[in-house]
Amino acid sequence: MTAPASGSAPGSAPGPAARIPAGHFDARALIDPVNPVELDAFVRAHRAANPTSAGQIIAWVFAIIALLCVVPVIGIFVMGLGYVIGRDVGVAVGGAIALLLLAGIIVGLVALVRRGIRTRNITRFRLARFAGANALTYIERIDAPPLPGMIFSNGSSRMSTDVLRGVAPRFVEFGNYQYTTSNGKQSQVHRWGYVAVKLDVPLPNIVLDALGNNTLGSSMTAAFSRTQRLSLEGDFDRFFSLYCPTGYETDALYLFTPDVMARFIDHAAQLDVEIVDDWLFLYARREVSTLDPATWAWLFGAVGALLGKLDQWARWRDDRLRLAAPQPQPTPSMAAPSPEPSGQPLPFAAPAGVLTPPPPGVAPPGRRLKRRSPWLVVGIIVGVVFIATAAPFAIGIFSFLFLR
């Protein structure tokens, strides 16, 4: 995931990118001045490849209709105020003020929209150039990304934006993600940054909740049963809370050896981690695909440090799959050999049947962490409401019967 920074052109003055250490990734596209000609060519190519969608057209139509509905109301209000103050002359002055106000609103909105579009185009242009300089591919938007991570199945209007994707030495994807939740009265947009790394084999569903980013006590593991919490040795518990399916504690210890734990502490202590199926996800509570070279240096360093330890995870196998599979019946050619005529026992006896390693995969109990039952929470709420409602009546009846 790293690419050496290419040297400056002969005779050119060193810019800000000259401070990037040699052998590191090339971040010059994020900070160098933008060539207007190249930017315009990029924007034209982007528009040709991504025509305006029906949703964008509808949004513009609603915005224009809203403007046409609001502006006349303001004009009538200003003219009415002028009539109250100066009769006919006031109406004329109010009309002139309303026209100036309308022109100011239109000019201001056009300027804001143009500035927003230009800023967005520059962001896309820089990220696309940065991706090309680091053996990555830039994708502006992916609706409902088909990823199995826990945040990718929540809410509605799910989409990833500013996605940078690489395929060597293994598939890695950096992106910003958002989804919307609603309780019927108001809606909330949730924003995350994520890194998705493809693993060699499916692994048990394991979640590392980074304690360093649980602002105001929020935790992404609040829905998980506490019985699945596993304490690891050393200082790991100071940085992460690890959750694994019941019965897979030994497997988690096999995967998170002391050297692997050290890598996560050193490079990903501010990131929540999820292992699900054959994916490793790193979650941040902010955007990760930005124009900040320091953020990319941190992410590239974290991914590079973890990639060196993921190869050993490829050797993990779930013995439960072999035990659950039907065992072949022994045949004469598979039977254990009889003892030697001398009567001396063999140093070992061949087992009945052919032993084969379990196939890659995870047994059903380990594929997903168990969540807390919502009925328990509902029962507690109903109980509290019932007690709070019935308590005054109970006290009144008790007083009437025994204290009168």
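**Entry 1: helix α7**

I began with helix α7, residues 293-310, in this predicted model. I asked what span its 18 residues should cover at 1.5 Å a residue.

I next looked up which residues of α7 are buried. The list I wrote down is Thr295, Trp296, Leu299, Phe300, Ala302, Val303, Ala305, Leu306, Leu307, Lys309 and Leu310.

**Entry 2: Lys309**

I returned to Lys309, which lies in helix α7. Is Lys309 buried or exposed? Its relative accessibility is 18%, so Lys309 counts as buried, the cut-off for that class being under 20%.

I then asked which residues Lys309 touches, leaving aside those up to four places away in sequence. I noted Asp259, Val260 and Arg263. With Asp259 there is a polar contact, side chain to side chain, at 2.9 Å.

**Entry 3: a patch on the surface**

I turned to the surface and recorded a nonpolar patch formed by Ile57, Val61 and Ile65. Together these residues have about 250 Å² of accessible area.

I checked Val61 individually. Val61 belongs to helix α3, which covers residues 54-133.

**Entry 4: positive phi values**

I looked at the backbone of Ala135 and found a positive phi of about 60 degrees, although this residue is not a glycine. Ala135 sits in the loop between α3 and β1, the latter being residues 137-143. Its relative accessibility of 67% makes Ala135 exposed, as the class requires over 50%.

Where is Ala144 placed? I located Ala144 in the loop between β1 and β2. At 43% relative accessibility, I recorded Ala144 as partly exposed.

**Entry 5: a cis peptide bond**

Finally, I examined the peptide bond from Ala168 to Pro169. I noted that this bond is cis, with omega near 5 degrees. I placed Pro169 in the loop that joins β2, residues 156-166, to β3, residues 172-182.

Conventions
Residues numbered from 1 in each chain as written. Predicted model: local features only at pLDDT ≥ 70, side-chain atom pairs only at ≥ 80, totals over all residues. Heavy atoms only, no water. Helix = DSSP H or I, 4+ residues; strand = E, 2+ residues; numbered from the N terminus. Expected span 1.5 Å × (residues − 1). Buried < 20%, exposed > 50% of the residue type's maximum accessible area, 1.4 Å probe, protein only. Patch = residues over 30% accessible without salt bridge, like charges linked within 9 Å, V, L, I, M, F, W, Y side chains within 5 Å. Areas by Shrake-Rupley, 256 points an atom, 1.4 Å probe, with all protein chains shown as cover. Salt bridge = Lys/Arg side-chain N within 4 Å of Asp/Glu carboxyl O. Polar contact = N/O pair within 3.5 Å; in protein donor to acceptor, adjacent residues only side chain to side chain. Contact = heavy atoms within 4.5 Å.
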